[in-house]
Amino acid sequence: MRLIIDCDPGNGIPGANVDDGLALALALAARPQITLELISIVAGNTPRDVGFAVANELVKQSGYQVPVVAGAARALSEPPQPWRAYLDRTTDPALADLWCDLPSPPLHTPPAPTAAVAIGELICRNPGEITLAAIGPLTNIAHAMQLYPRLTQSLKELVIMGGVFNVDGYIKDTNFALDPEAARLVMNSGANITLAPLDVTTQTMLTQADLAQITRPDTPLCRYLRTTTRPWIDYSRLTRQLPGCWIHDVLTIAWLLEPQLVTTAEYLVDVALEGGVTRGSSRRWRPGGLKLAVGMPAEQRKPVRVMQQVDNLRLLTLIETILAQ
């Protein structure tokens, strides 16, 4: 499987989620089942330049050779300041101390943002061969689809972590809410899409004991994951009162490796653009449902495969097996 991962990694950054890093690690370690050919970075969980630095540090520390390209630093229309103020807020000093023994990746200004071109060229030059995992806001993917009209038809598979339909306490997820216009454009593109919403990713769980188990091999990649993931698990335990942390993004790569990990159902999916708290929220209807005429844009007619249930123990076993290869 030839793969592109578009992401917003935060390993080593105080208060930033590390699930992108685990997804990248799983894809890197899954050779020869997966050949990760490109890592593209979008602003989201971390600012674009921070995510670029994190991805380069992960690749460097793990010893793999994969090109990393920078992409969009802001959404298509959504102003970045409110979200950045929320996502980059200074954590309580006691929580920030969780990362005190972990050096931040060296920051440097990335080259010109070429992610949309790199994604579009690779897919369109290899029609039917490239799978794309989008695990951050969908800005880079929307740009690529606008630049390359043939991209949708040339793409083998698009697996997305985003959206939320029925999870207590969540009206919308961060990936779709950070760039609702991009999310709607991509979800309405007619691509062959599989969606991992919060409804299924919040069924995952990684504890400190789990982390120690899956990173037992003394490899550079496992050492990197162990040191950069430990603080986030403790942060999640203290701020969310969970036994560990959710590992949202890794589910996209795990599903590519073992589709039987999850159950799925087909839906028509849309993203709300209206203002207020519902902007960026996701909606779903069964194909042919009565709400289609009033709820869906005219261009959307292709169902999306939506993940429903996941076997977390089986997921952790898969990750452990791949990292031990």
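# Chat: a walk through the model

Q: Where does Val18 lie?
A: Val18 is in the loop between strand E1 (2–7) and H1. Keep in mind that this is a predicted model.

Q: Is Val18 buried or exposed? What's the number?
A: Val18 counts as buried, because its relative accessibility is 4%. The cut-off for buried is under 20%.

Q: Which residues is Val18 in contact with, leaving aside neighbours within four places in sequence?
A: Five names here: Gly10, Asn11, Thr228, Thr229 and Trp232.

Q: And Ile247? How many residues apart in sequence are Val18 and Ile247?
A: They are 229 residues apart in sequence. In space, C-alpha to C-alpha, Val18 and Ile247 are 8.1 Å apart.

Q: Let's zoom out. How many helices and strands does the protein chain have?
A: The secondary structure comes to 15 helices and 9 strands.

Q: What does the C-alpha trace span?
A: About 55 × 40 × 40 Å along the principal axes of the protein chain.

Q: What about the radius of gyration?
A: The protein chain has 18 Å. A compact globule of 325 residues would have a radius of gyration near 20 Å, so the value agrees.

Q: What share of the residues is buried?
A: Buried residues make up 58% of the 325 residues.

Q: And the accessible surface, what does that come to?
A: About 13300 Å² for the protein chain. Carbon and sulfur atoms account for 54% of that.

Q: What share of the contacts join residues at least 24 apart?
A: It is 81%, taken among contacts between residues at least 6 apart in sequence.

Q: Now the inside. Which residues touch the most other members of the largest nonpolar core?
A: Ile5, Ile39 and Ile253 do, in a core of 68 residues.

Q: Which helix gives the most to this core?
A: Helix H1 (residues 19–29), with 8 residues.

Q: Back to Ile253. What does Ile253 touch, not counting residues up to four places away in sequence?
A: Ile253 touches Leu3 and Ile5, then Ala23, Leu26 and Ala27, and also Ile34 and Ala133.

Q: What's in the second core?
A: That separate core has 37 residues, including Leu38, Ala116, Ala191 and Val304.

Q: Val304, noted. Which residues is Tyr267 in contact with?
A: Leaving aside neighbours within four places in sequence, Val304 is one of the contacts of Tyr267.

Q: Where does Tyr267 lie, by the way?
A: In strand E7 (residues 262–271). Tyr267 is buried, because its relative accessible area is 9%.

Q: How many residues apart are Tyr267 and Gly163?
A: They are 104 residues apart in sequence. The C-alpha to C-alpha spacing of Tyr267 and Gly163 is 13 Å.

Q: Switching to the backbone. What is the peptide bond from Arg31 to Pro32?
A: That bond is cis, with omega near 5°. Pro32 lies in the loop between H1 and strand E2 (35–41).

Q: And Gln241, what is its phi?
A: Phi of Gln241 is near 55°. That is a positive value in a residue other than glycine.

Q: Where is Gln241 found?
A: In the loop between helix H12 (220–240) and helix H13 (250–257).

Q: Is Gln241 buried or exposed?
A: Gln241 counts as exposed, because its relative accessibility is 62%. Exposed means over 50%.

Q: One more: how many charges does the protein chain have?
A: There are 27 positive and 31 negative charges, and their mean positions are 4 Å apart.

Note on methods:
Residues are numbered from 1 along each chain as its sequence is written. This is a predicted model: local features need pLDDT of at least 70, side-chain atom pairs count only at pLDDT 80 or more; totals for chains, interfaces and linings use all residues. Side-chain values use heavy atoms; hydrogens and water are left out. Helices (H or I, at least four residues) and strands (E, at least two) are DSSP runs, numbered from the N terminus. The radius of gyration is taken over C-alpha atoms; the globule rule is 2.2 Å times the number of residues to the power 0.38. Buried means under 20% relative accessible area, exposed over 50%, partly exposed in between (1.4 Å probe, protein chains only). Contact means heavy atoms within 4.5 Å. Accessible areas come from the Shrake-Rupley method with a 1.4 Å probe; for residues, only the protein chains shown count as cover. Lys and Arg count as positive and Asp and Glu as negative; His and the chain ends are not counted. The place of a charge is taken as NZ of Lys, CZ of Arg, CG of Asp or CD of Glu. A nonpolar core is a set of buried Ala, Val, Leu, Ile, Met, Phe, Trp, Tyr and Cys residues joined through side-chain atoms within 4.5 Å.
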